[in-house]
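This report works through a single model, from its overall form to its side-chain contacts. The sequence and structure come first.

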Amino acid sequence: MPENEDLLQHVENALDEIDRSLHQMLMLAELSASNLDTDRAALQKTLERLRGKIDAIADTLE
């Protein structure tokens with residue numbers, strides 16, 4: 001049974017990290033959509049980094 005508990009814990013941790021990354025992406029999208037003077041290229045680069053992080057986490061779940 002410990003193997004199943006370890007697997008469940010791993011999946012929960014991965015989903016928590018994905019959730020945090022998605023929240024950051026939402027905040028960046030809202031910032032980009034605002035009327036503030038923002039560096040959209042830098043925001044896009046950060047969004048791409050976060051997407052890569054999510055992909056890497058998802059790969060550990062396969």
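A residue counts as buried under 20% relative accessible area, as exposed over 50%, and as partly exposed in between. Arg-20, at 46% relative accessibility, is therefore partly exposed. The model is a predicted one.

## Overall form

The secondary structure consists of two helices and zero strands. Helix H1 covers residues 2-33. Helix H2 covers residues 40-60.

The C-alpha atoms fill a box of roughly 55 × 15 × 10 Å along the principal axes. The radius of gyration is 15 Å, whereas a compact globule of 62 residues would have one near 11 Å. Buried residues account for 18% of the 62 residues. The accessible surface is about 5,000 Å², and carbon and sulfur atoms hold 55% of that surface.

## Helix H2: span and cap

The N-terminal end of H2 is capped by Asp-39. A side-chain oxygen of Asp-39 lies 3.2 Å from the backbone nitrogen of Ala-41.

## Helix H2: two faces

Which residues of H2 are buried? They are Leu-43, Leu-47, Leu-50, Ile-54 and Ile-57. Seen down the axis of H2, the buried residues fall within an arc of 80 degrees, so they line one face of the helix. An α-helix has 3.6 residues a turn, so residues three or four places apart point the same way.

The face turned away from the buried side has its own set. Ala-41, Lys-45 and Arg-49 are exposed there.

## Salt bridges

How many salt bridges does the structure hold? There are two. One joins the side chains of Glu-17 and Arg-20, with N to O at 2.6 Å. Both residues lie in H1, three residues apart, or about one turn of the helix.

The other salt bridge pairs Lys-53 with Glu-17, and their closest N and O atoms are 2.7 Å apart. Lys-53 lies in H2 and Glu-17 in H1, so this pair ties together parts that are 36 residues apart in sequence. Through shared partners, the salt bridges join Glu-17, Arg-20 and Lys-53 into one network.

## Exposure within the network

Glu-17 has 22% relative accessibility, so Glu-17 is partly exposed. Lys-53 stands at 31%, so Lys-53 is partly exposed too. Arg-20 is partly exposed because its relative accessible area is 46%.

## Distances along and across the chain

Arg-20 belongs to helix H1. Ile-54 is one of the buried residues of H2. Arg-20 and Ile-54 are 34 residues apart in sequence, yet their C-alpha atoms are 9.8 Å apart in space.

Leu-61 lies in the segment after H2. Its relative accessibility is 35%, so Leu-61 counts as partly exposed. Leu-47, by contrast, is buried in H2.

Note on methods:
Residues numbered from 1 in each chain as written. Predicted model: local features only at pLDDT ≥ 70, side-chain atom pairs only at ≥ 80, totals over all residues. Heavy atoms only, no water. Salt bridge = Lys/Arg side-chain N within 4 Å of Asp/Glu carboxyl O. Helix = DSSP H or I, 4+ residues; strand = E, 2+ residues; numbered from the N terminus. Buried < 20%, exposed > 50% of the residue type's maximum accessible area, 1.4 Å probe, protein only. Arc of directions from axis to C-beta. Polar contact = N/O pair within 3.5 Å; in protein donor to acceptor, adjacent residues only side chain to side chain. Rg over C-alpha atoms; globule rule 2.2 N^0.38 Å. Areas by Shrake-Rupley, 256 points an atom, 1.4 Å probe, with all protein chains shown as cover.
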